[in-house]
Amino acid sequence: MKFLIDNIWLLLTALLAGGALFWPSIAARGSKVTPLQATQLINQGKAVIVDVRDPQAFAAGHLRDARNIPLNELAKRIGELEKSKAKSVILTCSSGAQSSRACARLKKAGFAEAYSLSGGITAWQAQGLPVTK
């Protein structure tokens, strides 16, 4: 007990550091799919792809049959996706950060199967998967 009292600040620092390392794994960030899982959903015809990057980045290269709805326009254009509520919606961006935010917005809007592409277009291309222009 004396050890705990004498080293309380050291123990609190260790607990705080451990919690900071553990936090990302428990934080709610929406559902993610790997490029392989996304490919399987796309090939089965069970997915709609939405690219949330700006139009210039979208024009430089995107997944085949993807719709471009920039993240800042998603709230007012969400009605365009209403027909797709029964399907899986795969959201893409450059690295996966913006698509995670978009995924959370879609989940709040009632899209049960909204997924963010883990690693974004960068991970997709790193796997050697095709993009169209």
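This is a predicted model: local features need pLDDT of at least 70, side-chain atom pairs count only at pLDDT 80 or more; totals for chains, interfaces and linings use all residues.
Residues are numbered from 1 along each chain as its sequence is written, and side-chain values use heavy atoms, with hydrogens and water left out.

Strand S5 pairs in the parallel sense with strand S1 (residues 31-33) over three bridges; strands here are DSSP runs of E with at least two residues, helices runs of H or I with at least four, both numbered from the N terminus, and pairing requires at least two DSSP bridges between two strands. Ser-116 is the bridge partner of Lys-32. Strand S4 (residues 88-92) also pairs with S5 in the parallel sense over three bridges, and there Ser-116 is the bridge partner of Leu-91. From S4 the chain crosses through helix H6 (residues 97-108) to S5 in a right-handed β-α-β crossover, that is, clockwise from the first strand over the helix to the second with the strands pointing away from the viewer.

Five salt bridges are counted, each a side-chain nitrogen of Lys or Arg within 4 Å of a carboxyl oxygen of Asp or Glu. Among them, Arg-77 meets Glu-80 (2.8 Å, N to O), and Glu-82 meets Lys-85 (3.6 Å, N to O). Shared partners join Glu-73, Arg-77 and Glu-80 into one network.
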